[in-house]
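Welcome! Please take a moment with the sequence and the structure below before reading on.

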Amino acid sequence: MAARIWIFSVVVAVFLSISAFSSAQDLQIVNAERRIDLSSHIVKAFLTLKVENIGKDPAAEMLLAFPPTQIKNLAMVQALAITGKKKKKTYLPLDVKPTEQPDAPNDTGYYRVKFISPLGPGETVSLEVLYILTHSLEPFPVEITQSESQLVYYHDSAVILSPYHIKQQTTFVKTPTTRVESFTSVEPANRAGKEIKYGPYENRASYSYTPVIIHFENNSPFAVVEELVREIEISHWGSLQITENYRLTHGGARHKGVFSRVDYQSKRSVSGASSFNALLAVLPPRVNSVYYRDNIGNISTSHLRTGFRKSELEFEPRYPLFGGWSATFVIGYRVPLEDYLFEASDGRRYLNFTFGCPLVETIVNKLTLKVVLPEGSKDPSAVLPFTVNQELEVKYSYLDIVGRTVVVLQKDNVVPTHNVPFQVYYTFNPIYMLAEPFMLVTAFFLVFVASLAYVHIDLNIVRK
Amino acid sequence: MGGKSEPAKSESMATKPDLLNTSFFSFKSLKLKTKQQELLLRISILGLVYILAFIARLFSVLRYESMIHEFDPYFNYRTTLFLTEKGFYEFWNWFDSESWYPLGRIIGGTLYPGLMVTAALIYWTLRFLRFFVHIREVCVLTAPFFASNTTLVAYFFGKELWDTGAGLVAAVLIAICPGYISRSVAGSYDNEAVAIFALLLTFYLFVKAVNTGSLAWALASAFGYFYMVSAWGGYVFIINLVPLYVLVLLITGRYSMRLYIAYNCMYILGMLLAMQIRFVGFQHVQSGEHMGAMGVFLLMQVFYFLDWVKYQLNDTKLFQTFLRITVTSAILVGGVAVGVGTASGYISPWTGRFYSLLDPTYAKDHIPIIASVSEHQPTAWSSFMFDYHILLFLFPAGLYFCFKRLTDATIFIVMYGLTSLYFAGVMVRLILVATPAVCLISAIAVSATIKNLTSLLRTKQKVSQTGSTKGAGSSKASSKVTLDQSQPFQKNGAIALLVGVFYLLSRYAIHCTWVTAEAYSSPSIVLAARGAHGNRIIFDDYREAYYWLRQNTATDAKIMSWWDYGYQITAMGNRTVIVDNNTWNNTHIATVGRAMSSYEDEAYDIMRSLDVNYVLVVFGGVTGYSSDDINKFLWMVRIGGGVFPVIKEPDYLVNGEFRVDKGASPKMLNCLMYKLCYYRFGELTTEYGKPPGYDRARGVEIGNKDIKLEHLEEAYTTSNWIVRIYRVKPPTNRL
């Protein structure tokens with residue numbers, strides 16, 4: 001892997017020296033600071049950039065470049081523009097979109113950041129960029145026993161990959177513990193406690209790439225939800241029923257050999273350090289009728305704490321999860337309708353609910369969110385701050401005749417920062433609410449009519 | 001319970017209209033006639049009993065959860081799931097490769113499909129009506145639903161036997177009788193759940209057919225029998241009891257055309273219908289257990305023929321000679337036919353299960369696998385008391401009333417009661433079959449007693465009334481007065497007796513509720529115990545282990561365990577097992593028993609030959625759970641030794657005593673089962689103040705604390721150590 005990256009970087013360097021990027025070179029980064037947080041299995045990187053326009057024309061946007069190994073694991077990129085000085089700093093969110101560049105060297109991926117106002121020649125702007133990587137910690141050794149600690153590799157570049165010239169840059173890497181087996185040293189680089197510092201590096205050309213590998217201990221729970229299907233069923237009789245189907249795995253180093261209960265019970269600190277048993281789900285406030293079960297029945301190890309701002313469900317799978325082990329389960333709960341369903345000014349109704357996964361510090365590989373609208377609703381449309389796949393389905397539930405419209409939202413690679421509100425708009429005539437009670441009443445009535453008829457009709461062939 | 005006061009109430013209502021007529025005109029139009037009142041009362045009582053029977057069985061759902069119980073129900077649930085997913089034909093032709101590896105099992109041909117088809121039909125009906133329930137909920141509630149239906153049948157049966165009062169009492173008694181509840185709580189999704197309903201229905205319809213001589217009722221009874229055959233192997237009881245009953249009627253000179261029609265129609269149609277069930281097949285004409293029914297059928301024809309001849313001859317002496325010749329030749333021909341059939345192998349001999357029913361000691365000596373099941377043990381007196389309570393005393397009283405008013409119907413219920421009670425004594429689980437009979441006969445006793453007592457009370461009142469208001473009564477009344485007055489304190493005595501009866505009945509109700517709540521509602525998958533502070537502790541280890549298997553082993557992994565857990569592993573763990581609760585192949589089970597009781601290297605060869613990947617044992621040493629594999633171990637030795645003589649029971653015993661501590665036999669301390677259960681147990685302190693390795697289930701310190709495993713490794717042990725799973729290592733490379 002490392003060798004390949006070396007080759008890649010050499011090729012990039014060679015390539016870059018030949019070709020020249022005309023448009024991209026209008027900008028340069030005066031100062032860059034990168035902080036990479038490796039304390040959990042979700043890698044968070046904060047970039048602070050100071051960008052200057054050295055060209056002649058105003059620049060409306062800039063590009064963020066990511067190596068191909070990272071671009072596929074990139075869960076989210078956010079950018080903020082900093083205006084004002086020191087204490088009067090204000091942050092303005094910027095529009096960030098993935099983009100393709102026709103002349104991208106070696107499959108480099110790009111995100112385009114649009115400035116608030118075009119950057120005039122000679123002007124500078126400060127940006128804060130947050131990007132989140134998933135599945136970027138590679139366990140090594142790949143298999144560990146119960147008594148071993150989990151060690152992982154993190155691959156990145158000591159210098160920031162950028163289509164622009166960077167005058168000065170520093171990278172800080174934060175590891176979860178002080179135990180770092182090894183890290184690639186790119187002078188000047190040093191390690192102090194939990195922090196590794198790369199840089200400062202001066203005047204690096206665009207598309208510079210210096211691969212580094214950090215091998216360190218990370219026993220934080222590698223909770224990966226391979227698939228999560230959340231179903232939100234709207235009932236205009238007063239509640240939202242949410243059902244969440246999880247397929248959870250331990251995404252870290254695979255467990256090898258024996259699982260010993262004696263060791264797990266008595267030497268908890270050294271035995272199964274990378275395994276996890278307790279999970280925490282943050283649920284909405286005023287949640288009720290919470291259940292936690294799987295397809296063979298109820299699981300009795302859970303506690304619910306309800307609060308004004310949020311409720312917390314603390315629960316344990318049936319067994320502790322070691323590397324490679326998985327568990328499937330269902331969490332369901334109900335919340336009052338008035339907290340989440342509103343009427344828009346144009347008469348439509350809309351559901352305002354949180355996207356993402358309620359489990360803390362988990363990656364969701366594939367999230368499917370289904371909003372089941374009441375029977376008889378029309379013209380559904382979903383509004384989200386990021387792109388997701390959308391489609392419509394029909395679901396039949398109790399006493400349904402035409403079925404309920406289901407808005408299906410599907411997104412891959414979801415991290416906790418995706419837990420933001422989204423809206424689903426639809427039109428609904430309240431008269432449909434009466435359909436089901438009416439059906440029941442009619443059926444009940446018909447039973448009596450039938451028995452009345454039965455008593456009064458003589459079915460005998462022979463008159464007695 | 002209201003049923004008992006019903007006759008009295010209807011009578012007292014009858015006197016009221018005179019008062020109301022005069023005073024309130026508006027009330028008159030609303031007032032129901034006595035007969036209508038009685039009907040309304042009866043229907044509402046029945047409706048309440050129906051609901052009561054259902055909700056009394058929901059204790060298990062309230063105390064635990066809506067789940068399938070015990071062992072066999074898991075198989076039934078799994079097959080029902082298959083049926084609803086794949087459809088009937090797939091189900092009928094299902095070859096299950098997940099059990100009895102490497103033999104497999106032809107599911108469609110080796111089960112009674114009645115239960116699954118019933119549940120699937122309920123499920124499909126509900127879905128058609130747009131009730132999108134889960135199939136599990138349907139399965140869990142099937143037993144209570146059918147128990148409710150049984151109360152209705154009991155009512156009609158009681159009505160047919162005695163009167164409506166007895167019917168109502170029977171409905172109430174059977175609704176809460178622990179003997180029945182034990183097998184029909186919510187979640188107990190077993191064949192018996194619908195079979196008792198089918199059994200009682202068949203009997204009721206047959207008695208109705210005998211009473212009326214109607215072809216329609218006989219036909220209905222044949223269909224009832226068909227349903228019973230499709231649901232449970234206990235149908236053999238019907239096909240033997242009914243002919244026996246007919247025989248008794250013939251002998252006691254109660255032969256009639258009604259009986260002839262009822263039996264012939266029921267037998268022929270029932271037999272033909274039963275042949276449609278693949279598992280039963282042609283047993284009705286080929287198996288020794290069904291031959292009695294055929295013999296009685298032929299005997300009936302002879303009777304009919306003789307009747308005809310007698311009518312034709314019109315000469316007693318000639319008829320006597322003819323009778324002698326015919327009977328002798330008929331018996332001769334029958335005997336020869338049975339002899340030839342048995343000798344040629346066309347008629348199969350009685351099965352071991354049948355023998356063990358007739359002779360309680362048979363299974364113990366010949367078939368250890370039947371004797372090893374706890375529910376096949378002979379019944380203790382205490383469990384009769386536990387399951388029947390006051391019915392045990394009411395039953396003889398009911399028999400007395402039955403004999404006092406002997407009819408075709410009461411003869412039937414007496415025979416049903418006595419035979420089933422005998423079987424209930426032989427096997428614990430057959431208490432279930434006797435329960436409806438006991439309830440019906442007891443209901444007759446209760447109803448008749450109360451009726452007598454209340455009529456006694458009422459005549460007195462009437463007499464005193466007539467004496468005070470009208471002065472002179474009729475001659476009949478006055479004669480009764482003189483008769484009654486000859487016995488002083490009669491009224492008080494009657495009141496005292498009535499109070500006594502109600503007291504007993506309310507004790508019965510309390511007892512039934514208590515038993516249901518405490519004893520019969522445990523799913524046995526989830527164990528509950530009381531903690532030191534009175535809090536409820538749940539041991540959910542079984543599901544923990546099964547779910548671990550389901551999620552974390554290869555999908556084609558083969559699990560070896562004692563057969564008790566086979567159905568649960570396939571249903572909850574979704575993995576292939578070597579043996580399961582359908583104990584059809586004794587040799588295969590004996591092989592597993594042999595592996596468990598051998599030394600590790602010998603066991604390893606057996607396990608390799610069976611492609612075993614994981615071994616699962618149940619161990620209660622940490623929690624004190626007593627029905628674990630160590631306590632079942634002697635049965636494994638016995639069953640294994642029954643087929644493989646290398647396994648000898650005395651090797652595992654010391655002076656005829658089974659022990660696991662230091663004094664245990666060396667073979668015991670080193671056999672696979674011991675090693676797997678106690679592996680690394682010696683390092684654990686289970687109880688304060690006891691040495692490490694103290695086995696709480698048996699109350700001893702174990703004898704072998706230094707256990708090394710060579711060919712197996714611990715794969716998973718549940719949080720309370722109840723289930724331990726070991727991985728069978730692949731063979732080491734030969735150097």
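## Where the chains meet

Keep in mind that this is a predicted model. Let us begin with the interface. Chain B brings 29 residues to the contact, and chain A brings 28 residues. Between them, about 2,700 Å² of area is buried, with carbon and sulfur atoms giving 50% of that area.

What holds charged partners face to face here? The rule finds 3 salt bridges across the interface of chain B and chain A. In one of the salt bridges, the side chains of A:Arg318 and B:Asp540 meet at 3.2 Å, N to O. On the side of chain B that touches chain A, the elements that give two or more residues are α28 (541-552) and β10 (712-717) of chain B. Helix α28(B) provides the largest share, 7 residues. Sorted by class, this side of chain B has 12 nonpolar, 5 polar and 12 charged residues.

Now turn to helix α22 of chain B, residues 381-388. Which of its residues are buried? They are B:Ser383, B:Phe384, B:Asp387 and B:Tyr388. Looking down the axis of α22(B), these buried residues fall within an arc of 110°, so they line one face of the helix. In general, an α-helix has 3.6 residues a turn, so residues three or four places apart point the same way.

The face of α22(B) turned away from the buried side carries the exposed residues B:Trp381 and B:Ser382. Just after this helix, B:His389 takes a positive phi of about 55°.

## Backbone details to look up

Two cis peptide bonds can be visited next. One runs from A:Gly199 to A:Pro200, with omega near 5°, and A:Pro200 lies in strand β15 (residues 195-204) of chain A. Another runs from B:Tyr101 to B:Pro102, with omega near 0°; B:Pro102 lies in the loop between β1 (95-96) and β2 (105-106) of chain B.

Finally, look at two asparagines. B:Asn574 has a positive phi near 55° and sits in the loop between α29 (566-573) and β6 (576-577) of chain B. B:Asn574 is partly exposed, at 34% relative accessible area. B:Asn655 also has a phi near 55°, in the loop between α32 (629-643) and α33 (666-670) of chain B. With 79% relative accessibility, B:Asn655 counts as exposed.

Terms used. Residues numbered from 1 in each chain as written. Chains lettered and ligands numbered in written order. Predicted model: local features only at pLDDT ≥ 70, side-chain atom pairs only at ≥ 80, totals over all residues. Heavy atoms only, no water. Contact = heavy atoms within 4.5 Å. Buried area = accessible area lost by both parts, 1.4 Å probe. Salt bridge = Lys/Arg side-chain N within 4 Å of Asp/Glu carboxyl O. Helix = DSSP H or I, 4+ residues; strand = E, 2+ residues; numbered from the N terminus. Nonpolar A, V, L, I, M, F, W, Y, C, P; charged D, E, K, R; others polar. Buried < 20%, exposed > 50% of the residue type's maximum accessible area, 1.4 Å probe, protein only. Arc of directions from axis to C-beta.
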